[in-house]
Amino acid sequence: GRTGPALFADRLARSGVRAQGDVGFDLRLSGALARPDINGRVTLNKGVLGDAAGRFTLRDAAGSADVSNRVIRITSLSGVTGRNGRATVTGTIALDAGLTASLDARVENGMYTDGSFVTARYDARLKITGPLLRAPLATGEIDLRGTKITLSELPKRALTPDDVKHINASRAVALQAREIRRNRPTESSSLRVDVRLRALDEVSVSGRGLNVILNGGLRIYGPLDNLAADGSFQMVRGRLTLPARSLDFERGSLTFDRDLDPKIDFVAVSRRKDATITLTVSGYASEPSIQVTSVPQMPQEEAMARLIFDNSMLELSPLQIAQIASYVATLSGGGDSGLLSGLQNALGLDQLSITENESGGTDVGIAKRLNDKLSIGVEQTTQSNTTRVIIDLSATPELKVRGSIDSEGSSRIGVYYEKDY
């Protein structure tokens, strides 16, 4: 006969595995109904196999397996993964309560992307053992090629909500919430991994002014929903692009010692006649910190001004100040680096802000109040490098007139009404 995956798809989904396709079978059952002997053959065509999160998908899968002595022996199973990759699986699955498996998987020329900033081609040699329905373990090695990490200009920061509790929920909402909880993989049922990743060629990291080449490897282990990592990547060469100049990194590394958020340590040095200025980007990659030191010693914001524009901070134009703020915000991922507040305090600015505009870009603005009614500011969009000069006039406590002109020659004027309640 023939069937779809409905007989086992729900149970696999609870362990983080998804499956679909046309299943054919030619089976013979004998013995007691409580524990029958099953013998015969099972085939799969037009199959799709993978993990629920979509990290790996095998499509156009086809294969066959022999069933005897309550064991499924996969004689052939292969399919397409990525663009031009191939994957094969062989091994056994016991027809017990947990579907205990011993499988060998091979992937050639696979393609991985996390959908946001990492892409890589890879070859994998994996072994999957243990009950498929209760935390199976995948071990082995993965060789990476052509790995590219592109850092977003300013990543959107999201809060992870606590478990939502529905009060006076309708029956439909209650049923939906129950189904989500039922199908959510638990820690005891999630696939566990223990694999070693090795970069066969250079790993490229670009974005936020960085252009870095690394080499190294790491071990990834733990359940899929709580992965840990151990290893490091060392810089082969790297360059840092500043608003008015570029610097070569003298050292750099990524060190994994907990989850997939590595510690970074990159150092660039500018040696001038009057001072040696060192820029250090360190901390975890999700929230890096920027530190500027100098010999002889000077305030961080002063050292940054000389590093970028070769001028004292007090000689900078409003546009240059906005460019420094924009650069610091971009390199630090929008976090509080300390340099931004230092710039604001040292220059006596009334406002130094980082906001997201309507098109999803990032605006960095500075403003100085000239008197109780009039203020002037400069705003720069980091993506398009567009600069605006803004003048605000407070006609009344609630009524404000704003005029602006940008570097492309367009101007605006508007009247705004604001009231606090």
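Guide: Accessible areas come from the Shrake-Rupley method with a 1.4 Å probe, and for residues only the protein chains shown count as cover. The chain here exposes about 24000 Å², of which carbon and sulfur atoms supply 51%. This is a predicted model: local features need pLDDT of at least 70, side-chain atom pairs count only at pLDDT 80 or more, and totals for chains, interfaces and linings use all residues. Residues are numbered from 1 along each chain as its sequence is written, and side-chain values use heavy atoms, with hydrogens and water left out.

Visitor: What percentage of the 421 residues counts as buried?

Guide: A residue is buried under 20% relative accessible area, exposed over 50%, and partly exposed in between (1.4 Å probe, protein chains only). In this chain, 39% of the 421 residues count as buried.

Visitor: How many helices and strands does the chain have?

Guide: Helices (H or I, at least four residues) and strands (E, at least two) are DSSP runs, numbered from the N terminus. The chain has 5 helices and 23 strands. Helix H3 (residues 300–309) is largely enclosed by the rest of the structure, because 8 of its 10 residues are buried. Among them are Glu301, Glu302 and Phe309. Aspartate 310 follows H3 and has a positive phi, near 60 degrees.

Visitor: How is a pair of aromatic rings described?

Guide: The distance of the centres and the angle of the planes describe such a pair. Rings of Phe, Tyr and Trp (its six-membered ring) pair if their centres lie within 6.5 Å; planes under 30 degrees apart count as stacked, over 60 as edge-to-face and the rest as tilted. The structure holds 2 aromatic pairs. Phenylalanine 233 and phenylalanine 256 form an edge-to-face pair, 6.3 Å centre to centre with 70 degrees between the planes. Phenylalanine 233 lies in strand S13 (residues 228–241) and phenylalanine 256 in strand S14, so the pair ties together parts 23 residues apart in sequence. Phenylalanine 233 is buried at 7% relative accessible area, and phenylalanine 256 is buried at 11%. Phenylalanine 249 and phenylalanine 266 form a tilted pair, 5.3 Å centre to centre with 55 degrees between the planes.

Visitor: Which residues does threonine 255 contact, leaving aside its neighbours within four places in sequence?

Guide: Contact means heavy atoms within 4.5 Å. With those neighbours left aside, threonine 255 is in contact with Gly231, Ser232, Pro262 and Lys263. Threonine 255 is found in strand S14 (residues 246–256) and counts as partly exposed, at 32% relative accessibility.
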